Amino acid sequence: MNKKYLILIISIFVPVFFILIGNAKAKVTGLCSNCHTMHNSQGGSEMATYGANGKPWKTDEAQPALLRGTCLGCHGMGTANKIEIIGDSQTPQVYHTDSTDLAGGNFKYIDDNDNRGHNVFIDLGNMEDTLTKAPGHHENASPVPEDFTCAGAAGCHGRRTPNGDSGVVSLKGAHHQNVDGKCDTADEVANSYRFLYKVKGFENMGANKYQNISAGDHNEYYGSTRPALNTALGCTSCHNMSEMVVEAPGNTISGFCGTCHGLFHAVDEIGGATSPFIRHPTDIVIKDSGEYQYYTTYSVEATVGRTTVPDSISDTVTPGTDVVTCLSCHAAHASNYPDMLKWDYDEMIAGGGNTGGCFTCHTTKDDS
């Protein structure tokens with residue numbers, strides 16, 4: 001073959017090859033038996049599902065979709081590692097004893113106090129003792145704690161259809177089709193940010209995958225310059241009536257939280273889109289004046305949202321452009337502080353010379 005044509009073929013093929021490899025890496029790889037069992041038996045015995053010994057969710061019972069484990073069986077083993085390796089895949093642990101947490105926090109904290117996070121372990125003997133419904137919900141009908149699950153109709157991940165499937169069934173196919181990194185389409189569970197249906201964002205996919213480590217090593221959250229309308233004004237704010245599925249207004253992370261906690265997020269409930277507010281606003285621009293203008297280096301303690309889904313991680317904050325989100329103050333799963341806050345609210349003392357926490361944005365109120 002003529003060398004010139006051979007070089008041409010290679011120059012075309014190699015980039016395509018690496019594009020395919022890059023896409024393949026975004027999906028679950030390895031032995032099917034790492035996750036699935038055909039008959040839930042081997043050697044005459046039932047297949048033990050994943051999970052730490054002694055934990056209520058370690059079970060030998062057959063699971064939907066031929067899986068060897070439940071959501072918590074794979075992602076809540078209760079070991080000392082915040083990331084476990086199953087087969088050749090990194091598996092983030094939302095329940096662990098490591099001294100540091102993933103970006104979403106650690107459900108281990110609710111063992112001590114229910115007010116530290118979302119209580120998804122109800123059917124495992126840790127009953128919710130405090131709340132009867134999602135705080136800030138716009139009506140009495142809401143997922144009650146004893147029904148709260150990781151995914152599905154009364155959870156956060158996967159497709160949330162009324163009276164629909166819960167747990168792994170609502171995520172069916174998502175692990176195999178998973179889109180890592182930039183999630184700017186979000187029209188399926190698999191290409192939505194962390195399998196939060198219709199939420200956009202940029203997933204940290206570096207060496208510290210699933211974690212917020214530093215100014216230049218973290219997830220990027222998607223936000224808007226204006227909160228969603230109060231969901232009480234119309235079900236279609238959150239409910240796609242044609243598909244009968246709950247989805248995030250505006251594709252933002254705060255809009256997603258607002259599907260259950262609407263009164264903490266919606267425009268008419270926070271006093272409109274301008275100050276003075278009756279609740280701390282989210283999906284609203286950080287001012288580029290006054291005390292706010294000095295928040296310019298990204299803080300993983302008080303994260304911000306971007307109004308466009310970025311192509312990469314940025315270590316800067318741009319007042320006047322970037323926005324406040326629910327995750328600016330709260331952990332998604334659970335934290336070591338009441339109300340899922342990322343810091344101790346009792347330590348936020350105006351004029352006390354404190355740093356961090358509330359004073360990351362309110363930079364002058366800590367002046368002593």
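**View 1. Y193 and Y221, an edge-to-face aromatic pair.** With a relative accessibility of 5%, Y193 counts as buried, a term used for under 20% relative accessible area, whereas over 50% is exposed and anything in between is partly exposed (1.4 Å probe, protein chains only). Y221 is buried too, at 6%. This is a predicted model, in which local features need pLDDT of at least 70 and side-chain atom pairs count only at pLDDT 80 or more, while totals for chains, interfaces and linings use all residues. Residues are numbered from 1 along each chain as its sequence is written, and side-chain values use heavy atoms, with hydrogens and water left out.

Rings of Phe, Tyr and Trp (its six-membered ring) pair if their centres lie within 6.5 Å, and the planes count as stacked under 30 degrees apart, edge-to-face over 60 and tilted for the rest. The count by this rule is one aromatic pair. The ring centres of Y193 and Y221 are 5.9 Å apart and the planes are at 70°, so the pair is edge-to-face.

**View 2. Arginines over tyrosine rings.** The charged end of R194 sits over the ring of Y193, 5.6 Å from its centre, and R159 lies over the face of Y197, at 5.2 Å from the ring centre; the rule asks for NZ of Lys or CZ of Arg within 6 Å of the ring centre and within 35 degrees of the ring normal.

**View 3. The surroundings of K365.** K365 is partly exposed, at 42% relative accessibility. Beyond its neighbours within four places in sequence, K365 is in contact (heavy atoms within 4.5 Å) with E291, A350, G351 and F359.
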